[in-house]
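Here's a quick briefing on a ligand site and the pocket around it. Have a look at the model first.

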Amino acid sequence: MKKILVIHGPNLNLLGTREKDIYGQITLAEINQQLQKKARTQEVELEIFQSNHEGEIVDIIQKAKNNQVGAILINPAGYTHTSVAIRDAILAVGIPTVEVHLSNIHSREDFRHTSLIAPVAKGQVSGFGANSYYLGLDAALSLLAS
Ligand code: DQA
């Protein structure tokens, strides 16, 4: 079965309680449930991972190569704007990657306008709340198929 690795970065475990005016009421568990539901209809396996630690995210990306992962869906959260290491890991494995954000990072503080991940991703979905993940999954599914 084809496989997509879903990575949620730091503080996304707090969705539902964290800055609800920006990120909404939805919890990470609810987002994951919707993603699983959609993937099942496409007969695609999802491996879902959340970490607050940059090195752990690098590790799971490195392992994805030997884990038969065909595409990566990632919300790098705060690491979007700082992590050369996550960017390098994506480049190193060469697995097509879709970057997603709940909020529109381009309409927020200046420091959020730059994504170190975007130039090595196939594309970015930003600003549609939980729908960013579902649209991102659609993009990842089409990358898997191509
Ligand atoms: C985020 C946007 C980031 O700037 C922020 O640090 C996050 C969440 C989003 O999904 O909107 O933690 O990635």
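**The ligand and its pocket**

A polar side-chain atom of Ser103 lies 2.6 Å from an oxygen atom of the ligand, a polar contact (a pair of N or O atoms within 3.5 Å). The protein covers 97% of the ligand's own 320 Å² of accessible area (Shrake-Rupley, 1.4 Å probe). This is a predicted model, where local features need pLDDT of at least 70 and side-chain atom pairs pLDDT 80 or more, while totals for chains, interfaces and linings use all residues. Numbering runs from 1 along each chain as its sequence is written, and side-chain values use heavy atoms, with hydrogens and water left out.

**Contacts and shell**

- Residues around the ligand (a heavy atom within 4 Å) include Arg18, Tyr23, His81, His101 and Arg108.
- That shell splits into 4 nonpolar, 5 polar and 3 charged residues, with Tyr counted as nonpolar and Gly as polar.

**Pocket**

- The ligand takes up the space of the largest pocket (more than half of its atoms lie within 2 Å of the grid points).
- The largest pocket has a volume of about 180 Å³, the space filled by probe spheres set on the points.
- Of its 17 lining residues, Arg18, Tyr23, Ala77, Gly78 and Arg112 are the closest to the centre.
- A pocket here is an open set of points on a 1 Å grid over the protein atoms alone, where a 1.4 Å probe fits, with protein on both sides within 12 Å along at least five of seven lines; lining residues have an atom within 4 Å of a point.

Key: Polar contact = N/O pair within 3.5 Å; in protein donor to acceptor, adjacent residues only side chain to side chain.
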